[in-house]
Amino acid sequence: YAEYTLSATNQYIGIGITTEFSEKYGYLAVTYVAPGSPADLAHIKVGNMIEAVGNTDVSAYTPEQLDELFRSYDAMEEEEKKYFTVHLLNSQGGRASATLKCELIYAEPVTYSTVQDEYGNYSVGYCIINNFDDSSAASLKKAVEALTKQGVKSLILDVRNNSGGKT
């Protein structure tokens, strides 16, 4: 129930990344890093691949199994046991490690940017609506207002990866 309550308000316990399996490299690859999250502060980048967490090889893990592993550290009683080391690879073969702790992350339900049109103008707004939960309408309104102030004349609303809303 607690996890549902958090997700209904666009919050979760984690390090602030989204991953998907990379067939090319055989690892979970980072596809999104939440700004200001523990992963962002540790300089984890989109495209990094996760080789291991602590001494656990996660090369065969699904994104859901990786999230569960991260949350298992958060459930530890002793504060020092809540920290874990993520071992990363990049596409050039470089390695890095980051020691992290899960935190409460607010996932912005709407992200936005401007798109350059064929004439070189930034008159098209692009809004990604990630879900239709509690603050989505207010977040979309804020995005449209900001884009309008930037001179946007038309909008693209992208709901392709929308996970839905409350049931």
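1. Among the contacts (heavy atoms within 4.5 Å) that join residues of the protein at least 6 apart in sequence, 54% link residues at least 24 apart. The model is a predicted one, in which local features need pLDDT of at least 70 and side-chain atom pairs count only at pLDDT 80 or more, while totals for chains, interfaces and linings use all residues. Residues are numbered from 1 along each chain as its sequence is written, and side-chain values use heavy atoms, with hydrogens and water left out.

2. The protein contains 4 helices and 11 strands, these being DSSP runs numbered from the N terminus (H or I of at least four residues for helices, E of at least two for strands). Its C-alpha atoms fill a box of roughly 50 × 40 × 25 Å along the principal axes, and 32% of the 167 residues count as buried, where buried means under 20% relative accessible area, exposed over 50%, and partly exposed in between (1.4 Å probe, protein chains only).

3. In soluble globular proteins, nonpolar side chains tend to be buried together.

4. Phe70, when neighbours within four places in sequence are left aside, is in contact with Ile15, Ile17, Val53, Phe84, Val86 and Cys102.

5. Ser139 lies in helix H4 (residues 136-149) and counts as buried because its relative accessibility is 6%. Its side chain is joined to that of Glu108 by a polar contact of 2.5 Å, a polar contact being a pair of N or O atoms within 3.5 Å, of which, within protein, one must be able to donate a hydrogen and the other to accept it, and residues adjacent in sequence count only if both atoms are side-chain atoms. Beyond four places in sequence, Ser139 is in contact with Glu108, Pro109 and Val110.

6. Ser123 sits in the loop between strand S9 (110-115) and strand S10 (124-129), and Ser123 is buried, with a relative accessible area of 16%. Not counting residues up to four places away in sequence, Ser123 touches Val115, Asp117, Gly151, Val152, Lys153 and Ser154.
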